[in-house]
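Please look at the sequence and the 3D structure below. The dialogue that follows shows how some of its features may be read.

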Amino acid sequence: MDSSASSPAYDLSALPGRAGCGDQEGPGEGLPATIMTRRPIQERISEEPLLSVCCTTYNHEAYLRQALDGILMQRVDFPCEILVGEDSSSDGSRALLREYEQGHPGVFTVFYRERNLGMVDNGLDLGRRARGKYLAWLETDDFWTDEDKLQRQVDFLEAHPDVY
């Protein structure tokens, strides 16, 4: 079956901050205003987020730092929250999360589980607590490498409300 027949084609270059970025003469020249207002995600934490980043973790100490740094590298122009469900890990995940909470006060909202809920219930609980219009899920044995990932996704969803 040809999925392109049922799905509209979207031109991502028409989104704010996507066109004309390759030929600027100097820093900031030729960039759309939205790019100039992007700030590190930790400066966009809000009680009224447009996006909730939801992270589930269980015994991911070996990967957790890279996952959290991938979140912190995001540059966005909208309010966010970052929720982490720590599912009663037996490795050093809790200590690492506390280190990040201390190093980035007010950025991460971590829910330390008294007992292991399991992947599904841990995620469902985070989803219920999320306040954003949009949710971005990250299991902490994965990580993000593109600092514009969240911005592009939210720009697309805002420009195309028919897709969600």
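**Reading a sheet, its helices and its core**

Q: Where does helix H2 lie, and at what angle to S2?

A: Helices (H or I, at least four residues) and strands (E, at least two) are DSSP runs, numbered from the N terminus; contact means heavy atoms within 4.5 Å. Angles run from 0 to 180 degrees between N-to-C directions of axes, lines fitted to C-alpha atoms, for helices over the stretch in contact. Helix H2 (residues 61-72) lies across S2, strand S4 (80-86), S5 and S6, at about 175° to S2. Helix H5 (residues 149-159) touches S2 and S6 as it packs on the sheet.

This is a predicted model: local features need pLDDT of at least 70, side-chain atom pairs count only at pLDDT 80 or more, and totals for chains, interfaces and linings use all residues. Residues are numbered from 1 along each chain as its sequence is written, and side-chain values use heavy atoms, leaving out hydrogens and water.

Q: What is the order of the strands in the open sheet?

A: Two strands pair if DSSP finds at least two bridges between them. Here the order of the four strands is S5-S4-S2-S6, with parallel pairing. Strand S5 (108-112) and strand S6 (134-139) each have a single partner strand, so one side of each is left without a neighbour in the sheet.

Q: Which residues touch the most other members of the largest nonpolar core?

A: A nonpolar core is a set of buried (under 20% relative accessible area, 1.4 Å probe, protein chains only) Ala, Val, Leu, Ile, Met, Phe, Trp, Tyr and Cys residues joined through side-chain atoms within 4.5 Å. In this core of 27 residues, they are Val53, Ile71, Phe108 and Leu150. H2 gives the most to this core, with five residues.

Note on methods: Buried < 20%, exposed > 50% of the residue type's maximum accessible area, 1.4 Å probe, protein only.
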